[in-house]
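The exercises below are to be worked with the coordinates open. Each task is followed by a solution in steps.

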Amino acid sequence: MANNKLLYEIVYDSIRAKILSGSYMDGQLLPSEREIGEQHQVDRTTVRKALKMLVDENLVVKLAGIGTKVTRTARLKETRPDPSGGSTTGKPRGMMQGSIGFFLPPSVHRTDRISQPFYSTLFYHTERACRENGYACYYSTLDELDDFEEILRRQHFDGIMFVSNSPETCIRKALDEHIPAVLVNEYNPNLPSYLPDNINGMISMCDYLVGLGHRRFALITGISTYLTSRERLIGCSYALSKHGIEPPYVASCDWEPDTAYRISKELLSTVEELPTAIVGFNDNIAIGCLRAASELGLRVPQDITIVGFDDVEQSRYSIPAVTTVHIGITELAQAAVQGLFFQMHHGSPGSLTRSYVPSSLVIRGSSGPPPEDTMDRTYR
């Protein structure tokens, strides 16, 4: 099922997560509408719709002539645990009976990773599913340098969702404290793990591109320590090898569009033989590659095909729209929350195996057959 979130909802999710996590403190002024718009690459009308949702939720207040001020304390009072207990489904905000922690590592740039489309969407659906079951959900970044033991002392969590490359020491601490926990977008043999089907998704993508006639590929991968990147590389390698094709160019990226832009621009400017297709290991990478190709005078898809992975909202609005793999972030969040609640209610994780959410190919305007003159193509 496709994710149909609108741009203003994505902006709302990002700001809301920062408020609930304490990144924006109570009484602090938010950045200006212009700054928020530039950060998320949206217009001011979109920003105002997002701020209106935050006002309606009593998370911020708009002060004429001053700006938008965080009112986090009032919101946290509404969502404090309800000592009376009761049913775990359908509780209004004022009757939350517990809290869930949502932890993910910071980006390599030390920026707030929750602003990235994949994670903001994952948190949105996680928080929504938790709230519908009577639990508040709080987000924070977490790395090896953080005092996780102190975090657990300051805030009681009924359950924890670790995301991506969460520190092993923190996972072990949660297990030692007997806190129900699951892992999303990564695998750990000691936790129920929920992942998108990266391998088959990438096999489908490469089979599709080979079917169009592509024979020269460049792969812009993610961070090599991430299981996501390794599995997508396995899918690519398998699909291309079964067709007798070796990828001539492989470059590692950090998932960010600005890095992908620099890497792909350098690659396309220096190679002796241009690839006819670039496979970005997420949509952020693909969007960065689109800009690089455009600045070098390459038309997409007439001169070069560029594809991504994840099917985030922004991939639909790039020019051209990005051909990608839909991974069902909504279903990923819902499955992980269900697994976490099973532990919380039954005192056992049930199964420690990997659970995969199916993926599917989404064909848009950034892909097409290779140009006819594919012999000795170079950019100079």
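**Exercise 1. The α2/α3 pair**

Task: Determine how α2 and α3 are oriented to each other, and which residues join them.

Solution. 
- Step 1. In this predicted model, α2 and α3 come out roughly perpendicular to each other.
- Step 2. The basis is the crossing of their axes at roughly 105°, with an approach within 9 Å. Angles from 65 to 115 degrees count as roughly perpendicular.
- Step 3. On the α2 side the contact uses Glu33, Arg34, Ile36 and Gly37, and these meet Arg44, Val47, Arg48 and Leu51 of α3.
- Step 4. Sorted by class, this contact holds four charged, three nonpolar and one polar residue.
- Step 5. The loop between α2 (33-40) and α3 (44-56) contains Gln41. Gln41 is not a glycine, yet its phi is positive, about 60°. Its relative accessible area is 73%, so Gln41 is exposed.

**Exercise 2. The α10/α11 pair**

Task: Describe the packing of helix α10 (residues 257-270) on helix α11 (residues 283-295) by angle and axis distance, then classify it.

Solution. 
- Step 1. The axes of α10 and α11 lie 7 Å apart, and the angle is about 45°.
- Step 2. The two helices are therefore oblique to each other.
- Step 3. The crossing of α10 over α11 is right-handed.
- Step 4. From α10, the contact takes Pro257, Ala260, Tyr261, Ser264, Lys265 and Leu268; from α11 it takes Asn284, Ile285, Gly288, Cys289, Arg291, Ala292, Ala293 and Glu295.
- Step 5. By class, the contact of α10 with α11 has eight nonpolar, three polar and three charged residues.

**Exercise 3. The α5/α12 pair**

Task: Repeat the analysis for helix α5 (residues 117-132) and helix α12 (residues 329-346).

Solution. 
- Step 1. The α5 and α12 axes cross at roughly 45° and come within 9 Å.
- Step 2. This makes α5 oblique to α12.
- Step 3. Here, too, the handedness can be given: α5 passes α12 in a right-handed crossing.
- Step 4. The α5 residues in the contact are Phe118, Thr121, Leu122, His125, Thr126, Ala129 and Cys130, and those of α12 are Ile329, Thr330, Leu332, Ala333, Val337 and Phe341.
- Step 5. The contact of α5 with α12 divides into nine nonpolar and four polar residues, with no charged ones.

**Exercise 4. The buried side of α7**

Task: Which residues of helix α7 (residues 168-176) are buried, and what covers them?

Solution. 
- Step 1. Cys170, Ile171 and Ala174 are the buried residues of α7.
- Step 2. Their arc around the axis is only 100°, so they sit on the same side of α7.
- Step 3. An α-helix has 3.6 residues a turn, so residues three or four places apart point the same way.
- Step 4. The cover over the buried residues of α7 includes α6 (148-154) and β5 (159-163).
- Step 5. Just after α7, His178 has a positive phi of about 60°.

**Exercise 5. Backbone exceptions in loops**

Solution. 
- Step 1. Pro301 belongs to the loop between α11 and β11 (305-307).
- Step 2. Pro320 is placed in the loop between β11 and β12 (324-326).
- Step 3. Asn185 has a positive phi near 70° and lies in the loop between β6 (181-184) and β7 (193-196).

How values were computed:
Residues numbered from 1 in each chain as written. Predicted model: local features only at pLDDT ≥ 70, side-chain atom pairs only at ≥ 80, totals over all residues. Heavy atoms only, no water. Axes fitted to C-alpha atoms, helices over the stretch in contact; angles between N-to-C directions. Helix = DSSP H or I, 4+ residues; strand = E, 2+ residues; numbered from the N terminus. Parallel < 35°, antiparallel > 145°, perpendicular 65-115°, else oblique. Left-handed = near helix turned anticlockwise from the far one by under 90°. Contact = heavy atoms within 4.5 Å. Nonpolar A, V, L, I, M, F, W, Y, C, P; charged D, E, K, R; others polar. Buried < 20%, exposed > 50% of the residue type's maximum accessible area, 1.4 Å probe, protein only. Arc of directions from axis to C-beta.
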